[in-house]
Amino acid sequence: ATARLRSRPETALTPARLVDTRTLQIGDGITTLGADAFLATGPVMVAAEFAQSRVELLDGETPTFTGWTATAGWTLTGEHRNYRVGTGAYSGFEPRHRWGAVELAVRASRLDLEDGSVTGGVETNTGVALNWYWNRNSRLAINYIRVDAQPNRNGIDESPTLLQARFQLAL
């Protein structure tokens, strides 16, 4: 059996992957442990996740990879989010004002795919977002993301900056 761990730098708008273990030859399997937490009080929300995977390779080596993310958001217009226990995700919200709702959010994450002979890279992302929800089915998001891959999957340091705007419509 084989496995591959990799990730994009906090955006699905690029195919680039700065961290990537490439194909791993799996021996006895992969054990993954994870935890997440969510707190919402009024217009403020904080969420965090942590995961660790221990991979038992065919050659007997057992590298361990870790990743975490933390997010905080403040809805300037007073709306609040709910947490969906069944899916492990927080929901959107219904804007209380005719002109919509505005949210300011920050996010940080880190993925370490370096251990033993596996040199998949280490990536840290920090970002800030401004979201405007015109109604419960639409969102305009502007995100600034600072990416720091030291080293990336090829063993070199890489630090791109992303600025993206996205309009989403849910039907």
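Modeller: A nonpolar core is a set of buried Ala, Val, Leu, Ile, Met, Phe, Trp, Tyr and Cys residues joined through side-chain atoms within 4.5 Å. Buried means under 20% relative accessible area, exposed means over 50%, and partly exposed lies in between (1.4 Å probe, protein chains only). Keep in mind that this is a predicted model: local features need pLDDT of at least 70, side-chain atom pairs count only at pLDDT 80 or more, and totals for chains, interfaces and linings use all residues. Residues are numbered from 1 along each chain as its sequence is written, and side-chain values use heavy atoms, leaving out hydrogens and water.

Here, the largest nonpolar core has nine residues: Ala3, Val19, Leu24, Ile26, Val55, Leu57, Phe65, Leu113 and Val118. Look at phenylalanine 65: leaving aside residues up to four places away in sequence, its contacts (heavy atoms within 4.5 Å) include Leu24, Val55, Leu113 and Val118. In soluble globular proteins, nonpolar side chains tend to be buried together.

Now for the charges. Side chains of opposite charge can pair when their charged atoms come close. The whole structure holds five salt bridges, each a side-chain nitrogen of Lys or Arg within 4 Å of a carboxyl oxygen of Asp or Glu. One of them joins arginine 4 to aspartate 20, with the closest N and O atoms 2.5 Å apart. Arginine 4 sits in the loop between strands E1 and E2 and aspartate 20 in strand E3, so this pair ties together parts 16 residues apart in sequence. Aspartate 20 is buried at 5% relative accessible area, while arginine 4 is partly exposed at 44%.

Another bridge, 3.0 Å from N to O, joins arginine 81 and glutamate 103. Arginine 81 is in the loop between strands E6 and E7 and glutamate 103 in strand E9, so parts 22 residues apart in sequence are tied together. Both arginine 81 and glutamate 103 are buried.

Arginine 139 is buried but has no salt bridge, and its nearest side chain of opposite charge, glutamate 103, is 5.3 Å away. Instead, look at glutamine 168, whose side chain makes a polar contact of 2.6 Å with that of arginine 139.

Key: Helix = DSSP H or I, 4+ residues; strand = E, 2+ residues; numbered from the N terminus. Lys, Arg positive; Asp, Glu negative; His and termini not counted. Polar contact = N/O pair within 3.5 Å; in protein donor to acceptor, adjacent residues only side chain to side chain.
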